Amino acid sequence: MATTAAKQKAKAKDTRRLSDQEVQSNYTRLQGDLQALANKIGELESEAEEHELVLTSLKDVLSKDPGRKCFRLIGGVLVERTVKDVVPALQTNRDGIKRVIVNLAEQYKSKEGEFSAFIQEYNIRPSSQN
């Protein structure tokens with residue numbers, strides 16, 4: 001029975017029109033959410049590219065001298081490791097970052113659809129500022 005009451009509340013909320021101030025607030029919030037997701041995706045793509053550059057640089061070293069020491073920054077601490085220890089960790093990190101990027105891209109598309117539906121529902125036309 002609790003779910004029925006929740007469904008009725010959701011329907012009542014859907015049919016209720018928002019005031020102009022609420023529409024503007026929701027529009028700004030959705031726009032901000034999209035911008036934040038886009039910024040995070042860009043930041044993570046940059047980080048994945050950096051991982052890729054380092055892995056490319058270490059590829060030759062791994063094949064010639066896997067015991068060569070290298071340094072890695074972990075949580076603000078510079079740690080001495082060998083190339084054979086660092087490369088798998090970097091690959092794992094890069095793959096994890098790429099998975100997060102895919103997840104955030106899906107969230108972005110979903111939020112973008114929600115934003116478009118909101119714009120259509122309330123017939124919003126952004127004003128041009130001179």
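**Salt bridges and their surroundings**

Glu 80 forms a salt bridge with Lys 69, with the closest N and O atoms 4.0 Å apart. A salt bridge here is a side-chain nitrogen of Lys or Arg within 4 Å of a carboxyl oxygen of Asp or Glu. By this rule there are eight salt bridges. This is a predicted model: local features need pLDDT of at least 70, side-chain atom pairs count only at pLDDT 80 or more, and totals for chains, interfaces and linings use all residues. Residues are numbered from 1 along each chain as its sequence is written, and side-chain values use heavy atoms, leaving out hydrogens and water.

**Strand pair**
- Glu 80 is in strand S2 (residues 77-82) and Lys 69 in strand S1 (residues 69-74), so the pair links distant parts of the chain, eleven residues apart. Helices (H or I, at least four residues) and strands (E, at least two) are DSSP runs, numbered from the N terminus.
- Glu 80 is partly exposed at 44% relative accessibility, and Lys 69 is exposed at 52%. Buried means under 20% relative accessible area, exposed over 50%, partly exposed in between (1.4 Å probe, protein chains only).

**Helix pairs**
- In helix H2, Glu 43 and Lys 40 are three residues apart, about one helical turn. Their closest N and O atoms are 3.4 Å apart, in a salt bridge.
- Glu 114 and Lys 111 form a salt bridge at 3.9 Å, N to O. Lys 111 is buried at 19%; Glu 114 is partly exposed at 40%.
- Arg 29, Asp 33, Lys 111 and Glu 114 are linked in a salt-bridge network.

**Glu 52**
- Glu 52 lies in helix H2 (residues 20-64).
- Glu 52 and Arg 94 are 42 residues apart in sequence and 7.3 Å apart in space, C-alpha to C-alpha.
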